[in-house]
Amino acid sequence: MHSIYNFVSGPLAWLAFILFIGGCLYRLISLMVLVHRKEKFIYSYMSLKYSLRSIFRWSTPFATENMRRHPALTIVAFAFHICLILTPLFLLAHVTLIEESWNLSWWTLPEGLAEIMTLIVVAACVFFLVRRLVNPEVRYVTSVSDYILLAIVAAPFITGFLVYYQWFGYQTLLILHILSGEVMLVAIPFTRLSHMLFAPLTRAYMGSEFGGVRHARDW
Amino acid sequence: MTEAAVKEEKKITDEGLEVGVQNLTAERIQKVINRVLKGESGARLKAYVDTCVHCGLCSEACHYYLSHDKDPQYSPVGKVKQTLWKMLKARGNVSADFIKRASEIASTECNACKRCAMYCPFGIDIAYMMLTVRRICHLLGVTPLYIQDTAHSHAVTMNQMWIKDDEWIDTLQWQEEEAQAEIPTLRIPLEREGADIMYSVIGPEPKFQAQLLYQAAVIMDVAGVDWTMPATPGWDNSDMAMYTGDNEIMGRVKRAHFETAARLRVNRIVMGECGHAFRSVYDMGNRWLGWRMPPIPIVHAIDFYYELIQNKKITITEKFKEPVTLHDPCNVIRGGGLAEKARYVVNAICEELIEMHPNREHNYCCCAGGGVINCGPPYKMTRMDGNRIKAEQLFAAKSRGAKILIAPCHNCHSGLEDINHHYGLGYEIKFISDILYEVMDKPA
Amino acid sequence: MLTRIEWDWEPGSREIANIGQWQKKFNWIEEPYVSPNGERIAAIVNLAEGEFNVCVNGEAWETVFDKIWHLRFAPDGRLAAFVSEMGEWTVAVDGSAWEHKFGYVWDMMFSPDGKNIAVAVQQDMKYSMALNDVVWAETFSNMTNPTLSPDGSRTAAAVQVVDFSEGQIHKFQEGVFTAALDGKTWDAQFVNVWRTAISADSQNLAAEVRLDLYDYTIAVNGTPWPQTFDCVWEPIIHPQNGAVIAPVRTNGKWFLAQDGQILWDRKFVQLWHPMVSPNGHTLAAIVAPKYGRWTMAVDGRPWRVTFKDLLTDAVFSPDGKRVAAVAKNDARWLMVVDGAVWQNTFDRVWQPIFSPTGETVAAKIERNGKYSLAVNDRIWHQAFDAIWNPVFSPEGDKILLRTLQDDIYTRHVLPIEEILR
Ligand code: HEM
Ligand code: HEM
Ligand code: SF4
Ligand code: SF4
Ligand code: SF4
């Protein structure tokens with residue numbers, strides 16, 4: 001058991017982070033190369049002003065027509081993404097681990113808050129799941145991969161939560177948690193979760209086209 | 001309505017598609033799909049496909065979806081699923097029937113209006129993806145007959161309506177004569193090299209709506225504009241090749257247009273009230289040719305009237321009395337930012353503007369655009385059923401008092417005319433120029 | 001007609017006509033045109049409803065027509081226009097109408113020496129061409145892209161040889177167009193035939209064609225090149241060696257091809273208007289080396305300087321050593337000579353004109369609503385309501401400038417030094 005833990009939290013974690021960071025860089029760079037090779041004209045329309053205008057607008061809750069049309073989803077989606085990114089980054093347990101290895105540490109979330117944020121992520125995943133099952137327009141474009149992705153995202157939060165409460169076997173769960181966390185990290189660059197990487201780019205492009213060329217709002 | 005009746009209605013025969021699919025082989029389909037998806041397209045398509053989280057949030061942007069009781073097949077992403085996703089997944093290994101259906105979806109169930117691009121949280125451009133599907137269908141020779149014929153017309157005559165070189169000039173001279181009955185010294189100056197403005201129109205004007213040339217000539221004359229019209233091909237700014245995916249012909253037609261303006265050495269091209277033509281000269285055709293922006297600035301009629309009224313080149317005798325509502329054509333509002341100028345002009349010439357909702361960038365497309373009306377009679381019901389929401393929107397404006405519907409775009413005009421009849425809305429539909437001509441101060 | 005050497009090259013200004021005085025005689029006068037030697041100014045004038053004439057230096061033509069349009073001076077100084085009488089159209093040269101009458105006439109073309117006048121004609125909805133009042137024996141149900149050979153002896157066009165009705169897309173796609181030289185058609189038919197080029201010896205005809213909806217190539221005397229491309233632009237025929245040269249597109253990029261083979265070792269975002277220098281040694285074309293950047297490529301090498309909006313009106317100097325063109329950047333018009341941009345910028349500038357030796361470049365320019373002359377980047381101090389393109393004296397030491405100011409048409413002969421001073 002201990003050796004599995006050592007492996008999962010040691011070399012495998014390294015591998016996961018390397019794949020995550022390397023993968024993200026690879027996806028971004030290869031997209032840029034593709035633009036460079038085939039659609040260089042895109043650069044000539046990019047405008048910093050309108051890129052930022054669009055990104056800012058779409059990062060503000062209820063700032064767009066469609067967000068106002070779907071208030072519940074807007075709240076859930078924002079809460080989900082904020083908690084999804086902040087929780088693991090500022091989790092006491094995570095920061096402690098890092099401090100032990102590299103003597104690096106930063107501000108951490110109060111435990112209670114982290115707990116709530118974890119639950120928010122899990123609840124949001126349930127919301128997304130229900131939406132997928134219930135809304136015809138979402139169900140129509142849903143494939144198995146969408147459910148798998150939801151599971152991949154939910155898993156580290158569920159397992160992490162369980163570890164925290166040490167409800168079942170701590171060791172096993174911790175290993176499962178770490179594994180699921182690693183799977184999620186690796187999934188980001190290589191699945192549709194890569195929207196994290198591309199969202200700023202597609203937004204910047206549409207923002208530039210709408211603002212700079214079409215002189216219209218894109219929200 | 002019974003299930004069978006629905007099926008019946010859906011069965012459209014279109015020789016362009018029927019004959020087209022007969023000539024397909026599995027290898028050809030695969031080769032063409034891969035040529036377009038792997039060869040011609042690049043980062044945009046890839047990012048759009050990889051980024052889409054299948055959230056369905058674009059659905060409510062689309063009038064087809066809204067008009068079909070939220071049938072997900074008509075949602076923007078639903079159309080991508082039925083076309084591009086399958087092609088990508090099967091690596092081009094799809095059947096001839098699949099191509100036929102893909103052509104139908106891309107050519108007649110999407111107006112390429114880009115409303116959905118404003119609803120997708122990532123700004124994914126589904127119109128672009130539908131045009132990519134059309135490009136594939138074009139290269140496979142599976143395009144609806146009527147619009148394909150129009151693309152042939154563009155290829156031969158450089159205009160949309162098979163108008164021969166002489167017929168164009170003859171029509172201008174005829175309208176000049178007509179207008180001289182009203183203003184004896186009025187001219188439609190042909191080939192006046194070095195004029196300030198080249199006025200350009202779309203093929204249907206000389207063919208069916210010559211009175212619009214007349215009105216434009218009167219407006220130019222009264223405003224004292226230094227203008228000209230070419231007596232050569234290149235006068236037509238319209239472009240259905242852009243919508244069939246025949247980019248090469250699009251480029252050829254736009255080259256003729258811009259080179260004609262450059263030859264006449266005009267400062268600007270002013271164009272009539274047309275949406276898709278604006279897109280073609282401002283956004284699509286110029287880009288295919290390598291021009292980042294139009295080499296000679298393009299001024300849409302709305303913008304031009306705005307300028308004439310603001311500079312008092314044209315004054316209004318008495319404003320138009322009946323309450324009007326204004327349809328915002330996607331291609332010049334969402335595509336050209338003319339929403340406020342359109343309102344300035346309409347308010348300057350009409351007593352009362354009753355806004356329809358939604359409006360400006362968020363207006364619903366007329367369902368004629370993107371070449372759909374140009375696919376001809378077989379698809380009329382596709383447009384009528386596909387835009388019930390527009391009828392509801394117009395009806396609401398009507399119940400608040402609007403009597404006249406202003407549609408400053410040719411396609412919108414024809415498309416709304418059909419909707420007006422089909423749903424019995426009882427509007428009279430006008431171009432801005434119809435009203436401007438009527439209310440402007442003219443020499444007695 | 002006097003040759004250019006015999007024109008009045010005495011320096012000084014001479015007032016030719018006051019077109020303001022014509023206004024009184026006529027309902028309206030249309031935009032004036034001036035003869036190459038500057039001695040005459042002419043305009044279409046309206047006498048009454050349905051009565052038009054041409055006024056030259058104050059004198060009207062003898063015949064009054066129902067309608068006149070497209071008045072132009074030929075390079076040899078003859079004055080031609082399209083005229084209509086009793087519902088029929090023809091060409092009138094210096095006031096006398098051609099024998100042949102047509103349903104319509106348009107697209108007037110002059111040979112460089114001005115001796116030949118070609119037009120496109122329509123009679124009873126049938127199309128053909130006429131050269132110096134001689135009409136093709138064959139007629140066609142449609143005709144586009146009329147051309148006159150370099151020596152002015154032959155005419156060509158793209159013509160429709162099979163009837164089809166609108167909507168018969170598959171019949172159309174079998175190929176219903178071909179090219180005709182003096183009315184004689186090629187045997188082969190194509191989906192489309194566009195611009196044609198006639199060789200210097202008038203024996204060969206090349207055209208850009210589309211074989212089906214997707215494959216483009218160049219056909220020479222009816223035989224397509226064995227190579228096909230994704231698109232092509234207008235061919236030219238080398239005046240000395242007869243090679244056919246045209247821009248071609250493959251894999252989204254443009255190349256210059258000669259007789260089907262790629263010629264220059266570079267690809268471009270755009271490449272068009274290929275041209276051969278008068279001595280036949282140099283090839284040049286307008287190109288976009290990058291998206292949204294335009295310049296000139298001479299023998300395949302683009303100029304270093306590029307422009308955002310447009311590059312147009314490129315010309316070789318008579319000795320073929322220099323190239324000048326008009327460019328546009330952010331609404332300012334520029335003159336570029338051999339890749340060097342003039343310091344002066346303009347509201348508009350017209351085609352550059354080289355002196356016979358190629359040393360000097362002159363052009364009509366517009367600044368602040370007034371027109372003037374620029375020579376080697378110097379702007380002449382006088383500006384006018386209107387001017388016409390400058391003309392160099394045979395020695396290239398003087399410029400003939402034709403100007404209109406306050407309705408007074410004046411002919412100036414300016415020694416070059418006076419402008420360059
Ligand atoms: C290399 C990978 C990872 C390691 C080594 C790791 C390790 C840990 C450890 C040791 C804990 C604390 C358990 C306890 O309280 O005793 C924990 C908790 C947690 N981790 Fe991770 N983790 C990893 C990746 C992730 C990822 C990728 C996520 C989410 C995106 C995540 C989310 C959580 C959450 C939500 C908790 C529980 C917090 C709470 O409820 O208080 N972890 N993790
Ligand atoms: C920071 C950059 C990110 C941006 C801008 C972003 C944006 C979005 C947007 C716009 C949506 C669409 C619909 C909605 O609002 O629910 C979405 C959905 C989603 N995102 Fe993100 N996201 C980001 C990062 C991430 C990351 C890092 C993950 C997980 C690893 C993730 C997982 C999800 C999931 C699971 C959904 C829901 C899909 C569904 O409906 O089933 N996102 N995201
Ligand atoms: S019709 Fe308009 S809203 Fe609907 S899918 Fe096409 S572009 Fe999007
Ligand atoms: S809104 Fe955008 S991300 Fe969501 S399904 Fe539509 S296209 Fe895909
Ligand atoms: S026809 Fe009009 S409303 Fe319809 S797409 Fe074009 S511009 Fe939009």
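Q: How many bridges join strand S19 to S20 in chain C, and do they run parallel or antiparallel?
A: In this predicted model, five bridges join S19 (residues 192-198) to S20 in chain C, and the two strands run antiparallel.

Q: Which residue in S20(C) is the bridge partner of C:Asn192?
A: That's C:Arg210.

Q: What's in the hairpin of those two?
A: There are six residues between S19(C) and S20(C), and in that hairpin C:Ser202 takes a positive phi near 65 degrees.

Q: And what's on the S21(C) side of S20(C)?
A: Another antiparallel pairing: five bridges join S20(C) to S21 (residues 216-220) of chain C. C:Ala207 has C:Ala219 as its bridge partner there, and a hairpin of five residues joins the two strands.

Q: So is S20(C) buried or exposed?
A: Six of its six residues (205-210) are buried, so S20(C) is largely enclosed by the rest of the structure.

Q: Which way do they point?
A: C:Leu205, C:Ala207 and C:Val209 point one way, while C:Ala206, C:Glu208 and C:Arg210 point the other. In a regular strand, side chains alternate between the two faces of the sheet.

Q: Switching topic: which protein donors does the iron atom of ligand 2 have?
A: A:His81 and A:His195, each through NE2, lying 1.9 to 2.0 Å from the iron. A:His81 sits in helix H6 (residues 71-89) of chain A and A:His195 in H12 (residues 195-213), so the pair ties together parts 114 residues apart in sequence.

Technical notes
Residues numbered from 1 in each chain as written. Chains lettered and ligands numbered in written order. Predicted model: local features only at pLDDT ≥ 70, side-chain atom pairs only at ≥ 80, totals over all residues. Heavy atoms only, no water. Donors = N, O, S within 2.8 Å, 3.2 Å for Na, K, Ca; no water. Helix = DSSP H or I, 4+ residues; strand = E, 2+ residues; numbered from the N terminus. Buried < 20%, exposed > 50% of the residue type's maximum accessible area, 1.4 Å probe, protein only. Pairing = 2+ DSSP bridges.
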